[in-house]
Amino acid sequence: ISFTGGFATGERIASSAGLKKLAMDLGGNAPVIVLNDCDLEDAATSCVSGAFWAAGQNCIGTQRILVQSSIYDAFRTRFVAGTKVLKTGNPALPDTDVGPMITAQSAARTRRVVDAALSQGATLLCGNTQDGSLYSPTVLEDVSFECDLWKQEIFSPVVVLQRIETLDEALSLANSAEYSLHAGIFTNDLHAALKAADRLEAGGVMINDSSDYRFDAMPFGGFKYGSLGREGVRFAYEEMTQPKVVCIRKTVYGNHEQSATA
């Protein structure tokens, strides 16, 4: 059984499937860490693209951006400016940057989640307007770690900015969500990049790119509730096949030679 969708549905399928092979992609809540030694302009531009290119309807789209305090204000200025120039509208038009969500109901749900975060103390930096199935790219900060926008996958064009002091703090916050597919880190420090790659609870860690980077030759999947198994051309068929070992005992007249092949 192969399934892509929400955790609750995946759990119901798994509980009734019996003894079968299962492969599931159950969503993510992708964090991206931005350290103060990175290329700031590139980090901001990459995160705007990684967050909004599919109207946020992408399980590895950037949702939480954890920015070191010394560059937080400069990053926020660039990121919000890059978000505000995005045009939302008909995807068939060449000047449209962000198309509609799958339904008007999904856009309305997104606004309710954002409004709930605002009622819990979050600050709106831009966006949070709805016109049918169109929902404007939205950026917030000061989001409570207890609200759904921090803990759950939003699957919408919504991003949370969070100020951090150290890489250790960023890693702890990045790993606090139960849904994890991809993560990213922007830094010119190889030691910091490898530390993040080792400690981030994610199936893929993108160094100096947003969480959104993926190609089909990669083994794609996550940690925790993010997935069960791996996708990607080779890895998907390996998930759904069963290896068989065949051993041949070769006999020669007069004596015996043994060899094994698998």
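This is a predicted model: local features need pLDDT of at least 70, side-chain atom pairs count only at pLDDT 80 or more; totals for chains, interfaces and linings use all residues.
Biologist: What is the strand order in the open sheet?
Modeller: E5-E8-E9-E4-E3-E11-E12, seven strands with mixed pairing. Strands are DSSP runs of E, at least two residues, numbered from the N terminus. Two strands pair if DSSP finds at least two bridges between them.

Biologist: Which are the edge strands?
Modeller: E5 (123-126) and E12 (204-207), and each pairs on one side only.

Biologist: Do E3 and E11 run parallel or antiparallel, and how many bridges join them?
Modeller: Parallel, with three bridges between E3 (residues 30-34) and E11 (residues 182-186). Val32 stands opposite Gly184 in E11.

Biologist: Which strands does helix H2 touch?
Modeller: H2 (residues 40-52) packs on the sheet and touches E3, E4, E8, E9 and E11. Contact means heavy atoms within 4.5 Å. A helix is a DSSP run of H or I, at least four residues.

Biologist: New topic. Where does Asn58 lie?
Modeller: In the loop between H2 and E4.

Biologist: Is Asn58 buried or exposed?
Modeller: Buried, because its relative accessible area is 18%. Buried means under 20%, exposed over 50%, partly exposed in between (1.4 Å probe, protein chains only).

Biologist: Which residues does Asn58 touch?
Modeller: Trp53, Phe155 and Asp212, not counting residues up to four places away in sequence.

Terms used. Residues are numbered from 1 along each chain as its sequence is written. Side-chain values use heavy atoms; hydrogens and water are left out. Axes are lines fitted to C-alpha atoms, for helices over the stretch in contact, and angles run from 0 to 180 degrees between N-to-C directions.
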